[in-house]
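Dear colleague,

I am handing over a structure to you with this email, and below it I have set out what was found in it. Please keep it open while you read.

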Amino acid sequence: MRRDFIKFCGKAGLGLTMPLSWQGLAKGKANEPDAYEGPYYVVFNASGGWDTTYLMDPKGVNDINRLYKEGDILTNGKHKFAPTAKQVKKGMSNEDFFKVYGEELLVFNGMDYSINNHSPCKRYMATGKLDSLAYPTFAALAAASLAKEAPLGFLTFGNYSATGNLVPMARVPYPQSLKLIANADSVQGIARLPYHDDFALDLIEKALGEGADAAHMEQVPLPRAERAKSMLYAAQKNSKALKRVTPFISQNAPKERLARQADIALSCFKGGVCVSANLSIGQFDSHATNDPDQMRLIPEFLTGVDYLMKRAEELKIRDKLVVVIQSEMGRTPHYNKGQGKDHWSIGSIMFMGQGIRGNRVVGATDERQFLIPIDNKTLSIDEENGIRTRPEHIHLALRELAGIEDHPFSKKFPLKIPEEERLQGLFG
Amino acid sequence: MKQIQMMLLAMSLQVSLTGADKTDLSPDHYFVNEVWAKVGELSCQKCHNASGEAEDSRFILQETILVEGTELQAANEANLKAFAKMARMRKEGQLPRLLLKPIGEMDHEGEQVLKPDSTGYAILKAFVQRMEGKSAPAATTEKKYKPRSFFEGVTMIGDESLLRRLTLSLTGRLPTSKEKQAVQQKSQVGLDATLDKLMTEDAFFDRLKEGFNDIFLTNGYDGNGELILSYNHFEKSRLWYHKYDLSHIKDEKERKEALYAMSREYRKAIREEPLELIAHVVRNNRPFTEIMTADYMMVSPYSARGYGIFDQVKKRFKDADNPFEYVPAQLPALRARNDNPVNAPLVQESKTGFYPHAGLLSTFQYLRRYPTTATNRNRLRARMYYQHFLGIDVMELADQVSDAAAIDVKYETPWMEAADCVVCHRSIDPVAGLFQDFYNEEGHFGPRPEGWFEDMFGPGLEGENLPQEDKWRSLQWLAQKTAKDPRFAVAITEHVWYLLSGRKALRPPKDVDDPLFTPRRRAYKMQRSEIAEVAKRFAQADFNLKVIFKELAKSPFYRADGLKAVVEHPHRKAELHDLGVTRLLAPEQLERKIEALFGERWGKVEKEMKILYGGINSQSVTERLSEPSGAMGAIQRIMANDVSCIHVTPDFVREPTKRRLFPKVEKDVVPGSSPANDLKIRKAIVHLQGHLLDRREPIDHPEIERTFKLFSAVVAEAAKRKGIDKRETYHCGRIDGKLVADPHYTLRAWRAVVTYLLRQPEFLYE
C-alpha cells in the first residue's frame, strides 16, 4: 500500500511529500487520520557539547576531572559513572539517575563525531550525514516513515531539525498553544460556539476535497506548487485530530525548560498526533567554566529525562517510548588556560526504551579519552581491527530499531555503510 | 635522498609530458557528466584553479557553471585535456598520476580527496581505461534523457498577476488601477517604472528591514536594546531617560507609564539601527556596498541620547521627539569612563577622531548578536561575515577527518598546523583577527589587553595581511575589500532572492551516487547563472539594490508558474523540482495580505500564534517554516473562520460601492430563485475569487461552479432544517450590537464561501 502510494506520488509529480491518506481525504472519505499509537521517538540534545567524563564515561585520571578522582567513580550494574551528588545544587544527580534508569539504559562510549565544530557536528549527530544539508534528522525520518499524516508528526524544540522535505516540522512553544488551536472551528476554541453549522462545515470540507482533486486534474502545476497544495490540504485536514490532545495537556504545566518540552511532546504522543520530538537545552558549551556549567546543566538535563519517563508512566505510554540522549560533541580531556574545556570530537550517547536492552555499556574511551575501536559484530573492544563508530553507524542502527531501514524515505537518504561495518545487535 | 626524488620526478615528468598531446580529444557525455561533474568540479577544482591553493600545480581546471555556448565548450575541452594529461602521466609499473593523487599518494598536498572504494574514484578508473582504449563501465547517468531548453514547456505568470504578487510581497497592498494600466500597456517597462515607485513607499522599507532581519538576525541580540551601550563608554548617557523631564505629566501613574513607554521605544529604536542603515542606503539609492563601508551609523533622537551625541545631531531630525526617525551620525572615538582605562584603552585609537564605523560590521548590535569567547576568538563573527557578505557557509565545507581528537593532541595549534584544520582556519582566522577590537561577548569595544593572539593566522583577508597602519580601522579595511569582491554582489543577490522567494538559492548537488545528480546539477547551474547575471547588473548599476528586485521580478525563476503538459521523465521532474515561487506566507505577510484584502489585520497570527505559525523571534527561532504542520493547518482554519466571521456581514451592510467583497450582490439574492439571481451569484463568486485568490476564471469555469454549488447547498440545506435561526450568529452577525437578519441563510452561506476561499493555496501561499 505504502509503495503504491509512493508510486502514485511519483506519477503525479508529487515527490514524496503527500500524505498517505491523500486519496481518501481528497474524496472526503476520511475526516482525520487515525491516531498514531507508538512507538514514540524522543531525542534529547545537550546543545553546546556535554562533558561525558562527568556523566557516563568517567575518568578521574590525567587531570581530566577536577571534581573527583578515579577512585571516586561509582557503578550501578554494568554502568560506571561520575559522582555528582555532592556537586548538584538543583536537579538530578548521576547517582539517582543510574539508580532509577540503569537497568534500562544502554550507554555507548567512544563515539567519533569526526570534527569539532558545533554546526556540522549537530547536523552529523542529528542526521548521520556530515557532508549534506539535505538529509532529515532521525526524528523527522521516523515521523515521515511511520505516520506521515500525523498532524504534529515531528515536533521540534530546537537543535538541528532538517526534515529532508519528507514531513513538516512543528513548533509548539507552550502547552496553551495546543489549547488555542485544538478546536479550530469554534469561536475562541469553545466547542459549543461553532463558527458554522455542522452541515455548512461539512459542505466546506467536501468542496475543499473536491477542489483539491479537481485542480490536480485540470491543470499542470509546477512540482513545487503541487507539493504545496497537497501538504496544505493535508495540514488542514489532519489538524482536526488536534482536539485529541487537549485532554492530556497538563493542568499544571512544568516551568522547567526541558520538562515543558517533554510535557508538550507527551500530550501529543498520547493524543496520537505525534511520532517524534527533538527536545533540547543549550549552554553546555563550557569554554569558560566547565565544572560549574556542567554541574548545573547535566543535572537539569537528567531531570528533564526523568520528567519525561515519569509523566509517560502517568499517561501509560512509557513502554512505547524510544529515548535517545545525546550531544553534538564532547569536551577536551584537559582544562584550557582558564577553567573551561574546549571541543572534543569523541563522546558518548545513551538510549533507553522499547526494543533496547539496558544495563549495558558498549564501546569505550581510553584513559586519555581517545576512542577505542570496537568489533562491529561482537561490540567488544578490538583495538587492532575494530571500527571507529561514527554517527552514521548509530543512525543505521536506529533506523533498524524503528523498522524503517528499508523504507523508501530511508533509501532516499542512504547512509552507505559497508556491510562489514554495521553494528550488530547494538540494542540487544 | 631528496636529490633522487627530484630526479625521478623530472624523469616522470619528461615521460608523461611527451605523451600528453598525442590524441585529439573532445569532451563527450561521459567526461562532462561523469568525470568532470562528479569528480573534477566537486573534488579537484576547488584547489586546482587559476587562483586556488594548487594554482602552482600543472593541473589547472576551469569552472563551467557560469559559462555557456562556446565558452563552455572551450572550458570542457581544456578540462578534458588536463585530465587526459594526468591520466597518461605514470611511471613504469605504477598507476597513472590521475589515480594516485586523489587518494593521497604522490605527496598530494590536498591529501586524500577520494576514497579508493568511492564512486568518484571508480569514475576516474573508468576514464583511464577509456583513455587506454579499453572497455569501461558505462556512465551512471541516464543517457537517453536529452535535455532541451530549460524553460521549455514552462508557463510564466501573467503581467497582471505578477504585479499583484509584487505589490503584496513588497508593500502589502493591492496594485492600483494606474499601476495595472501601466503594466498592461507597457509590460516590462511599465513593471520597472511601477517597481521604481513601489520601492519608495514606507511599506517597502518595512518589508526590506523584515527581510534582511531574516538574514542578519540583528533584532535577536541578547538582552535589552540598550545593553549594546557599554558601561565603560556610555555610562553617563545610556540611561538618559531616567533623567528625562516628564514633570509636565502631573499624575504619577501616568508619568511612570510615560517613562516605561519611553524606555521601550528607546530600546526598540536602538535595536533597529542596523536595519535602518540598510533602509537608509536603499532609500537614498546609495551603493549597497555602503552597508559595509558606511563611515556612519543610524541614530534616532532617542538612541542619539543614549550615545551621548544628541546635541550634535538634533538639528538634523525633522521631529526630534520621534523615537523612530533616523539620521546618519558618527560617534566620536570612544573614551573610557572617568578617564579610567579598564578593559579598554583610555581613548580608542583613531586618526579621524571618530569611531571607525564600518557599516553593519562595526555596529554594536551586529557584534553582540554574534558574540565571541576566549576560545572562539571571534571565529563566529568571521564565519558570519563569510556567510552574510560573501555567501560562503564555512561550516558547510566541513570535511570528515580520520581522527580529529588525535590531531588536537598532536599539534599545539592544530588550526595552524594540521592540514585538516588549516583548510578552513586559513580563511577564518585572519578575518577573526580583524574583529580584534571587540574581544568580548557583549559586542562592546574592548581589545584583548595582552594584544591579539599570535598563535593564529594573523589579521587579514584571504592571503592579504592587514597593514599595520590600518589596524585601528581593521573593519573598515575589511569592508573596503569586501565591497570590491565579486562574491559580495552574488551574496546580496542571493539574499534578495531569499527575501522574494522565501528560500535559499540552490546549493550544488554533492551526492554523486544520486541517480538524479545530473539534472539536479543542471537546475543548480541554471539558477546560479541567473543569479550571477543579476549580480553583474547590480554591480554595474553601482550596487543599487533596487536593481536586483527589478531583475529578479522579471526572471523566469520568479515568473515560472506552471507547465504546458505533464512531465513524466524523472530527470525533467528533478530539473523543475525547485522552480517557481509558491511560498507559504509568513505570519507577517499573511497579516498584510488580510489587511490589503479586508481592510484590517486579523492580528492573531503575527502575535500569539506567530511561532506556532512558523515565524521567528530572531534569537532562538531563526528559520521560518516553509511547510505547514498540522498546527499551522489548524491556524489556517481558525483564520479562515474568523476573518470571514468578522468581515462578511459588515461588508453587506455597507454601500455597494464601498464593499470589498460583495459589491454586486445582496443577501436577498437566493440561489435557484431565478436564472438572473443565479447569474448574480456566479458573478459575485467571480469577483470574490479574483479579489481573494487572484483567479481570473470565466463564469462557467468548474471552480466557479463548485463554489456556486457550495453556496447553493448551504442555503438549501439550511432551508431543509428546522429551528434554524433567521438571524446571523451572535459572534459573526452583529451590527451596532444588534443581530442582522439572515432570513434565507445567505449571509452564513457567503461566510462559508469566504471560509472556503481563505483556505485555498492561492490565498495562503505567494
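**What was found**

Helices α2(B) and α3(B) are roughly perpendicular to each other, a label for angles of 65 to 115 degrees, whereas angles under 35 count as roughly parallel, over 145 as roughly antiparallel and the rest as oblique. Their axes come within 11 Å and cross at roughly 70°; such axes are lines fitted to C-alpha atoms, for helices over the stretch in contact, and the angles run from 0 to 180 degrees between N-to-C directions. From α2(B), which covers residues 29–44, the contact uses Phe31(B), Val32(B), Val35(B), Trp36(B) and Gly40(B), while α3(B), residues 69–88, brings Asn76(B), Asn79(B), Leu80(B) and Phe83(B). Two residues are said to be in contact if their C-beta atoms, placed from the backbone, lie within 7 Å. By class, this contact holds 6 nonpolar, 3 polar and no charged residues, where Ala, Val, Leu, Ile, Met, Phe, Trp, Tyr, Cys and Pro count as nonpolar, Asp, Glu, Lys and Arg as charged, and the others, Gly among them, as polar.

**How to read the model**

This is a predicted model, in which local features need pLDDT of at least 70 and side-chain atom pairs count only at pLDDT 80 or more, while totals for chains, interfaces and linings use all residues. Residues are numbered from 1 along each chain as its sequence is written, and chains are lettered from A and ligands numbered from 1 in the order in which they are written.

The model scores ipTM 0.89 and pTM 0.90. The pLDDT, which is the predictor's confidence in each residue from 0 to 100, averages 90 in chain A, with 92% of the residues scoring at least 70. Over residues 1–30 of chain A, however, the pLDDT is below 50, and this stretch has 53 contacts in the model beyond near neighbours in sequence. Chain B averages a pLDDT of 91, and 95% of its residues score at least 70; over its residues 1–23 the pLDDT is below 50, and that stretch has 8 contacts beyond near neighbours in sequence.

**Chain B**

Chain B has 31 helices and 8 strands, which are DSSP runs (H or I of at least four residues for helices, E of at least two for strands) numbered from the N terminus. Its C-alpha trace spans about 105 × 80 × 50 Å along the principal axes. Of its 766 residues, 44% are buried, meaning that 20 or more other C-beta atoms, placed from the backbone, lie within 10 Å of a residue's own; with 12 or fewer a residue is exposed, and in between it is partly exposed.

The helix α5(B), residues 119–131, has 13 residues that should span 18 Å at 1.5 Å a residue, and its end C-alpha atoms are 18 Å apart, which agrees; the expected span is 1.5 Å times one less than the number of residues. In α5(B), Gly120(B), Ile123(B), Leu124(B), Ala126(B), Phe127(B) and Val128(B) are buried, and the buried residues of this helix pack against α2, α3 and α4 (97–100) of chain B. Just after α5(B), Gly133(B) takes a positive phi of about 80°.

In α30(B), 13 of the 13 residues are buried, so this helix is largely enclosed by the rest of the structure. Arg696(B), by contrast, lies in the loop between α28 (675–693) and α29 of chain B, and it is exposed, with 12 other C-beta atoms within 10 Å.

**Where the chains meet**

In all, 63 residues of chain B are in contact with 66 residues of chain A. On the side of chain B that touches chain A, α27(B) gives the most, with 11 residues, and that side has 34 nonpolar, 15 polar and 14 charged residues.

**Backbone details**

Most residues other than glycine have a negative phi, and most peptide bonds are trans. The bond from Gly38(A) to Pro39(A), however, is cis, with omega near 5°, and Pro39(A) is in the loop between α2 (22–26) and β1 (40–46) of chain A. Asn165(A) has a positive phi of about 60° although it is not a glycine, and it is partly exposed, with 19 other C-beta atoms within 10 Å. Asn285(B) also has a positive phi, near 50°, in the loop between α11 (273–283) and α12 (290–293) of chain B.

With best wishes
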